Amino acid sequence: MGDAHRIGVVGLGVISRAYLDTLVGCDAVRVTAVADLDASRSAAVAAELPGVRALSVEELLNSPDVDTVLNLTVPAAHAEIALGAVARGKNVYGEKPLAAELFDAQAVLEAAAKASVRVGCAPDTVLGTGVQTARAAVEAGAIGRPLFATAVMVTPGHERWHPQPDFYYAPGGGPLLDMGPYYLSSLVHLLGPVRAVIGASSRLRSERVIGSGPRAGERIPVEVDSHVSGVLEHRGGALTTLTTSFDGVATTAAPIEVHGETGTLTLPDPNHFDGEVRLLELGGSERRALPPSAGYVDGARGVGLLDFVAADGGRPERASGELALHVLETMTALLRSSAEGRRIELSTSVERPAPVPLTPAEQWR
């Protein structure tokens with residue numbers, strides 16, 4: 001364990017448990033410190049994990065016992081924590097989005113380049129067998145030339161289940177910035193980077209009611225658009241029609257479908273690592289399930305961080321800051337397009353991440 005990459009976790013909200021379940025006990029990394037604005041929360045988490053110290057955020061960022069900061073704070077704090085880590089010569093891997101604002105995300109990558117440290121970012125679900133098997137099928141010619149895709153996410157809103165849902169309806173939140181990274185990262189893997197977008201959005205309710213936890217019944221303000229639709233023009237020529245909404249009850253639409261000249265692929269929910277990929281070939285009558293052929297088997301939150309650590313000094317990161325920046329610009333451009341009523345060309349691009357070969361759980365853990 002002495003040579004394991006040392007991780008300090010900042011932000012111990014709901015998602016942190018999934019990360020810790022993956023990282024603790026993994027040979028490649030060692031969680032050395034945790035921090036949260038709520039000191040009692042960090043103390044409680046550290047007490048469960050032998051060898052892990054509970055620190056203040058400032059102490060963790062300054063700790064010589066941390067190589068990479070795992071940034072699990074709310075979106076509004078992503079850039080501040082990332083810049084703090086970079087300024088102290090540490091790598092940073094964060095939850096999505098990379099930052100609440102595009103210029104903050106750009107500042108993080110610029111600072112990291114100057115400091116010669118690395119930046120990675122969720123989502124890592126796209127590295128599981130669901131999206132990666134679909135990508136392998138596209139690249140093998142299973143649907144011929146890809147022509148267009150659809151991506152749909154509809155829920156009635158996270159306030160129904162999350163006890164502290166305020167940030168979902170504050171700047172950096174909303175259905176697009178919260179859930180869009182799963183869909184857009186998948187689409188970059190499948191069809192390549194985005195060249196331009198056209199968007200439309202709405203906000204038909206000014207407040208939401210918390211449905212669970214100690215604050216159940218409390219009303220919170222809605223500061224962002226809660227329904228966003230748009231068209232993405234991929235650099236390779238394919239088009240994607242995207243819908244993300246916190247305003248619907250449910251949908252029967254597939255999370256992602258990719259349509260080609262000779263077939264259609266139906267993907268599982270990109271918020272999960274696995275799931276059935278189905279292929280309907282031209283002239284066929286039934287979709288058939290494809291066996292997993294690529295991706296991290298039994299993937300779990302944090303596999304992207306393990307991939308990030310393994311890439312040190314070698315291949316480019318798959319869950320990279322550059323991909324997260326491109327996804328963030330795509331999303332913010334959709335919102336700008338809606339506000340300004342015009343097509344917007346993107347200034348960023350990114351190389352498609354390297355595909356993930358089929359990797360059994362015992363190899364990546």
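Which residues form a nonpolar patch on the surface? Select Leu147, Phe148, Ile198, Val231 and Leu239; together they have about 380 Å² of accessible area. Bear in mind throughout that this is a predicted model.

**Stop 1**

Leu239 counts as partly exposed because its relative accessibility is 41%.

Now select Thr240, also in strand β12. Is Thr240 buried or exposed? Thr240 is buried, as its relative accessible area is 0%. Show the side chain of His234 as well. A polar contact of 2.9 Å joins it to the side chain of Thr240.

Next, display what surrounds Thr240. Setting aside residues up to four places away in sequence, Thr240 touches Ala149, Ala151, Leu187, Leu191, Gly230, Val231, Leu232 and His234. Val231 is one of the patch residues too.

**Stop 1: helix α6**

Select residues 129-139, which make up helix α6. How many of the 11 residues of this helix are buried? The count is 9, so α6 is largely enclosed by the rest of the structure. To colour them, pick Thr129, Gly130, Val131, Gln132, Thr133, Ala134, Arg135, Ala137 and Val138.

Then step just past the helix to Gly141. Here the backbone takes a positive phi of about 85 degrees.

**Stop 2: Arg301**

Select Arg301, in the loop between β16 (288-290) and α8 (303-310). Which side chain of opposite charge is nearest to Arg301? It is Glu95, 4.9 Å away. Arg301 is buried yet has no salt bridge. The cut-off for a salt bridge is 4 Å between a side-chain nitrogen and a carboxyl oxygen.

What does the Arg301 side chain have instead? It makes a polar contact with the side chain of Tyr182, at 3.2 Å. Not counting residues up to four places away in sequence, Arg301 touches Ile15, Ala18, Tyr19, Thr22, Asp124, Thr125, Tyr182, Asn271 and Phe273.

**Stop 3: Asp307 in α8**

Move on to helix α8 and select Asp307. Asp307 counts as buried because its relative accessibility is 2%. Its side chain makes a polar contact with the side chain of Arg318, at 2.7 Å.

Where do the contacts of Asp307 lie? Leaving aside neighbours within four places in sequence, Asp307 is in contact with Leu127, Tyr296, Arg315, Glu317 and Arg318. Asp307 and Ala289 are 18 residues apart along the chain, and their C-alpha atoms are separated by 27 Å.

**Stop 4: salt bridges**

How many salt bridges does the structure hold? There are 28. Three of them are worth a click.

Begin with Glu159 and Arg208, whose closest N and O atoms are 3.2 Å apart. The pair links distant parts of the chain, 49 residues apart. Glu159 sits in the loop between β7 and α7, while Arg208 is in strand β9 (residues 207-209).

Go next to Glu281 and Arg288. The closest N and O atoms of this salt bridge are 3.7 Å apart. Glu281 counts as partly exposed, at 39% relative accessibility. Arg288 is partly exposed too, at 43%.

Then select Glu340 and Arg342, where the closest N and O atoms of the salt bridge are 2.7 Å apart. Glu340 is partly exposed, with a relative accessible area of 43%. Arg342 is partly exposed at 41%.

Key: Residues numbered from 1 in each chain as written. Predicted model: local features only at pLDDT ≥ 70, side-chain atom pairs only at ≥ 80, totals over all residues. Heavy atoms only, no water. Helix = DSSP H or I, 4+ residues; strand = E, 2+ residues; numbered from the N terminus. Buried < 20%, exposed > 50% of the residue type's maximum accessible area, 1.4 Å probe, protein only. Lys, Arg positive; Asp, Glu negative; His and termini not counted. Polar contact = N/O pair within 3.5 Å; in protein donor to acceptor, adjacent residues only side chain to side chain. Contact = heavy atoms within 4.5 Å. Patch = residues over 30% accessible without salt bridge, like charges linked within 9 Å, V, L, I, M, F, W, Y side chains within 5 Å. Areas by Shrake-Rupley, 256 points an atom, 1.4 Å probe, with all protein chains shown as cover.
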